[in-house]
Amino acid sequence: MISNNYFTDDEDLQIFFNHLIDWDSTVRAAEGDDFHDHRIFQETGNSRYEMAPSSVQDAVDLYRSCLESLGDFSGKEISQVSREMDRKHLKYANGKVIFPEETVAVFEKFRDTGLMPYSISRAAGGLGLPAAMGAFFVMILARADVSFCMTVTLLNLAQIAARYGTKEQIEEHAAKAARGETLFAMALTEPDFGSDLNSVRTSAVRMEDGTYRITGTKRFISQGCGLGPYPCSLLTLARTGKPGGGARGVSVFL
């Protein structure tokens, strides 16, 4: 595949970034008019907030820098092993999914860039980038390798745990994902009903001790096996309300 910078050398992405996005409103929606994460860093010195921008221009500069680094890594690292990853493909033996060594290696290299947790909040150790930036990440990563792009985008499901979890859950699951120690997957798909959220049949019943007993079957869970030595946290959808209630009454279990 072509080896260049998949952001700076892409004329369409340059037009999108430089001319078509209202960065002022996008940045203020993401960072707040008071740039709250930067203020947290000033007040606490917490290193998780160190890269939080202090102005619209700071944010745009940060976003551009991230995309330039992503474009370089995607074009010169991911794309160059894409053919080999496809050629070797996944294998299954003794109850375990076996990934090509190139896949694990490029995952570890990408983790070391610090770009992987692009949509996970800074509170959980991520970059906290806005959804517009997430779209850029997907376009660039998908050009390099669609499967690897899916691995990275699924990891950012950790933001659900970061937003709604307890402090303990955030550190145990979201923060570990932000560091690239674990991955994330959404356990939705079921036999006979596919990925239809309204038709979830897996049920969760609250027990006397406050825990839940989950009964059902999930299959075809993308990234559910983790990746090589890196395990996966599962966001499992189960019905806690009455059957036939559609999407209402479906809860997420970590």
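Author: Contact, as used below, means that heavy atoms lie within 4.5 Å. The model discussed here is predicted.

Reader: Which residues in H6 are met by residues in H4?

Author: H4 covers residues 56-88, and H6 covers residues 131-144. From H4, the residues in contact are Tyr 63, Cys 66, Leu 67, Leu 70, Gly 71, Ser 74, Ile 78, Ser 79 and Ser 82. On the H6 side they meet Met 133, Phe 136, Phe 137, Ile 140, Leu 141 and Ala 144.

Reader: Is H4 roughly parallel or roughly antiparallel to H6?

Author: Angles under 35 degrees count as roughly parallel. H4 passes H6 in a right-handed crossing. The angle therefore makes the relation of H4 to H6 roughly parallel.

Reader: Which residues touch the most other members of the largest nonpolar core?

Author: This core has 56 residues. Helix H4 gives the largest share of the core, with 11 residues. The residues that touch the most other members are Tyr 63, Leu 67, Phe 110 and Phe 137.

Reader: Which residues does Leu 67 touch, not counting residues up to four places away in sequence?

Author: Leu 67 is among the H4 residues that meet H6. Its contacts include Met 133, Phe 136, Phe 137 and Ile 140, and these four are also named among the H6 residues that H4 meets.

Reader: Are H4 and H5 roughly parallel or roughly antiparallel to each other?

Author: H4 and H5 pack with their axes 9 Å apart, at an angle of about 165°, and their crossing is left-handed. Among the H4 residues in contact with H5 are Leu 70, Phe 73, Ile 78 and Val 81, and among their H5 counterparts are Val 106 and Phe 110. An angle over 145 degrees counts as roughly antiparallel. H4 and H5 are therefore roughly antiparallel.

Reader: At roughly what angle do the axes of H5 and H7 cross?

Author: H5 (residues 101-113) and H7 (residues 146-155) have axes that come within 12 Å. Thr 103, Val 106, Phe 107 and Phe 110 in H5 meet Phe 148, Thr 151 and Val 152 in H7. The crossing is right-handed. The axes of H5 and H7 cross at roughly 50°.

Reader: How many of the eight residues of E6 are buried?

Author: Strand E6 spans residues 232-239. Buried means under 20% relative accessible area. E6 is largely enclosed by the rest of the structure, because the number of its eight residues that are buried is seven.

Reader: Which residue stands opposite Arg 239 in E7?

Author: E6 runs parallel to E3 (residues 183-187), to which five bridges join it; Met 186 has Leu 235 of E6 as its bridge partner. E6 also pairs with E7 (residues 250-253), in the antiparallel sense and over four bridges. Opposite Arg 239, E7 places Val 250.

Reader: Is Val 252 buried or partly exposed?

Author: Val 252 is found in strand E7. Its contacts, not counting residues up to four places away in sequence, are Leu 235, Thr 236 and Leu 237. Because its relative accessible area is 47%, Val 252 is partly exposed.

Reader: What is the bridge partner of Arg 206 in E5?

Author: E4 (residues 203-206) and E5 (residues 212-215) pair in the antiparallel sense over four bridges. They form a hairpin with five residues between them, and Gly 210 in the turn has a positive phi of about 95°. The E5 bridge partner of Arg 206 is Tyr 212.

Reader: What is the relative accessible area of Phe 220?

Author: Phe 220 lies in the loop between E5 and E6 and has a positive phi near 60°. Most residues other than glycine have a negative phi. Phe 220 counts as exposed because its relative accessible area is 71%.

Reader: Where is His 89 found?

Author: His 89 is not a glycine, yet its phi is positive, at about 50°. It counts as partly exposed, at 44% relative accessibility. His 89 is found in the loop between H4 and strand E1.

Conventions. Residues are numbered from 1 along each chain as its sequence is written. This is a predicted model: local features need pLDDT of at least 70, side-chain atom pairs count only at pLDDT 80 or more; totals for chains, interfaces and linings use all residues. Side-chain values use heavy atoms; hydrogens and water are left out. Two strands pair if DSSP finds at least two bridges between them. Helices (H or I, at least four residues) and strands (E, at least two) are DSSP runs, numbered from the N terminus. A nonpolar core is a set of buried Ala, Val, Leu, Ile, Met, Phe, Trp, Tyr and Cys residues joined through side-chain atoms within 4.5 Å. Buried means under 20% relative accessible area, exposed over 50%, partly exposed in between (1.4 Å probe, protein chains only). Axes are lines fitted to C-alpha atoms, for helices over the stretch in contact, and angles run from 0 to 180 degrees between N-to-C directions. Angles under 35 degrees count as roughly parallel, over 145 as roughly antiparallel, 65 to 115 as roughly perpendicular and the rest as oblique. A crossing is left-handed if the near helix is turned anticlockwise from the far one by less than a right angle, and right-handed if clockwise.
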